[in-house]
Amino acid sequence: MNIYNKIKILILLLSFFTLSTSSQEITFQPHIEIVTEHLPPFQIDTPNKVMGFATEIVSSALSSTPYTFNISVYPWARSLNMALNKENTCIYSIARTPAREEQFIWVNTIAERNISFIGLTERKLSITSLEDAKKHMIAVIRDDVTHQLLVKEGFTEGLNLFVVNNTHSLLMLLAKRKSIDLILADGYTIKYRAQFNNLNPNLFENVYQLNTKPLDYYFACNIKTSPYIIEQLRYAINQLKITGKIDKIISEWQYPVIRVN
């Protein structure tokens, strides 16, 4: 084989290697890490998998994209920290607040929620304002929108605010610890939370609802996530809305939200 043919073969091999490498780069898709908290019926931590209607919405949307993904449940503060600091990490169900506005890319709405003071039915507490609530000890989830709201309104941890790390313990605290008068939560979730904790839902009542209209819950991602990925995720959730899939999922869970805009 002469030198000309050797050079020709070498060029062909290099071209093939370059084309193969470029093809791998083009077809490579990043893995999406999704984090959340235990919050029935939105997302429910079970021994085998994460359930809940918001989980079904997120899973259905991600399954229509080219990305692999997994969903992990942690205490809310940990999930929040992971989504804040890890590229290609997304979080749900998260309330969009002015304090969080620049911290995440807000992909799309996936659900709605209300915020109410929940008390024990037998205590018959009367709350008509935040000032009334300040006379009581209230348990909230650390770094949740409810925690941030009460701190902003002048509530003080140790005085009238008791902060816990996850929702598993919230209702149990209200039911079992006499020093806890109220929790701040979505009143519609109480039935599901009570059942999960083997408690009678009738033990609890909605004492005072803070919001006059439902608050949006979002699927949001770390700010370093590629705009291309964000657009695909946003499109996937929008398609679920257009086709009525989100309404169907919510209806199957019998959660009283008419639609997600």
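Strand β6 pairs with strand β12 (residues 215–222) in the antiparallel sense, over 8 bridges. The model described here is a predicted one. Beyond this pair of strands, the notes cover a disulfide, an open sheet and a packed pair of helices.

**Strands β6 and β12**

- Strand β6 spans residues 104–113 and is mostly covered, with 9 of its 10 residues buried.
- F104 has N222 as its bridge partner in β12.
- In general, the strands of a sheet pair through backbone hydrogen bonds, either parallel or antiparallel.

**The disulfide**

- The structure holds 1 disulfide, which joins C90 to C221 with an S to S distance of 2.0 Å.
- This pair links distant parts of the chain: C90 lies in strand β5 (residues 89–95) and C221 in strand β12, 131 residues apart.
- The link of C90 and C221 is right-handed, with 95° about the S-S bond.
- C90 counts as buried because its relative accessibility is 0%, under the limit of 20%.
- C221 is likewise buried, with a relative accessible area of 0%.
- A disulfide is, in general terms, a covalent bond between the sulfur atoms of two cysteines.

**The open sheet of five strands**

- An open sheet of 5 strands runs in the order β9-β8-β10-β7-β11, and its pairing is mixed.
- Its edge strands are β9 (161–164) and β11 (204–209), each of which pairs on one side only.
- On average, neighbouring strands of this sheet are turned by 35° against each other, direction ignored.
- Helix α5 (residues 145–152) packs on the sheet and touches β7, β8 (138–141), β9 and β10 (182–185).
- The direction of α5 makes about 130° with that of β8.

**Pairing within the open sheet**

- The antiparallel sense is found between strand β7 (residues 116–120) and β11, which pair over 5 bridges.
- S116 stands opposite Q209 in β11.
- The parallel sense is found between β8 and β9, which pair over 4 bridges.
- I138 stands opposite L161 in β9.
- Strand β8 is covered on both faces: I138 and V140 are buried on one side, and A139 and I141 are buried on the other.
- In a regular strand, the side chains alternate between the two faces of the sheet.

**Helices α2 and α9**

- Two packed helices are described by the angle between their axes and the distance between the axes.
- Helix α2 (residues 53–63) packs with α9 at an angle of about 150°, and their axes are 9 Å apart.
- Helix α2 is therefore roughly antiparallel to α9, since angles over 145 degrees count as such.
- The contact involves F53, E56, I57 and S60 of α2, together with K245, I246, I249 and I250 of α9.
- The crossing in which α2 passes α9 is right-handed.

**Residue I250**

- I250 is placed in helix α9, which covers residues 245–252.
- I250 counts as buried because its relative accessibility is 1%, under the limit of 20%.
- The C-alpha atoms of I250 and F42 are separated by 9.5 Å, although the two residues are 208 residues apart along the chain.

Methods:
Residues are numbered from 1 along each chain as its sequence is written. This is a predicted model: local features need pLDDT of at least 70, side-chain atom pairs count only at pLDDT 80 or more; totals for chains, interfaces and linings use all residues. Side-chain values use heavy atoms; hydrogens and water are left out. Helices (H or I, at least four residues) and strands (E, at least two) are DSSP runs, numbered from the N terminus. Buried means under 20% relative accessible area, exposed over 50%, partly exposed in between (1.4 Å probe, protein chains only). Two strands pair if DSSP finds at least two bridges between them. Axes are lines fitted to C-alpha atoms, for helices over the stretch in contact, and angles run from 0 to 180 degrees between N-to-C directions. Contact means heavy atoms within 4.5 Å. A disulfide is a pair of cysteine sulfur atoms within 2.5 Å. Angles under 35 degrees count as roughly parallel, over 145 as roughly antiparallel, 65 to 115 as roughly perpendicular and the rest as oblique. A crossing is left-handed if the near helix is turned anticlockwise from the far one by less than a right angle, and right-handed if clockwise.
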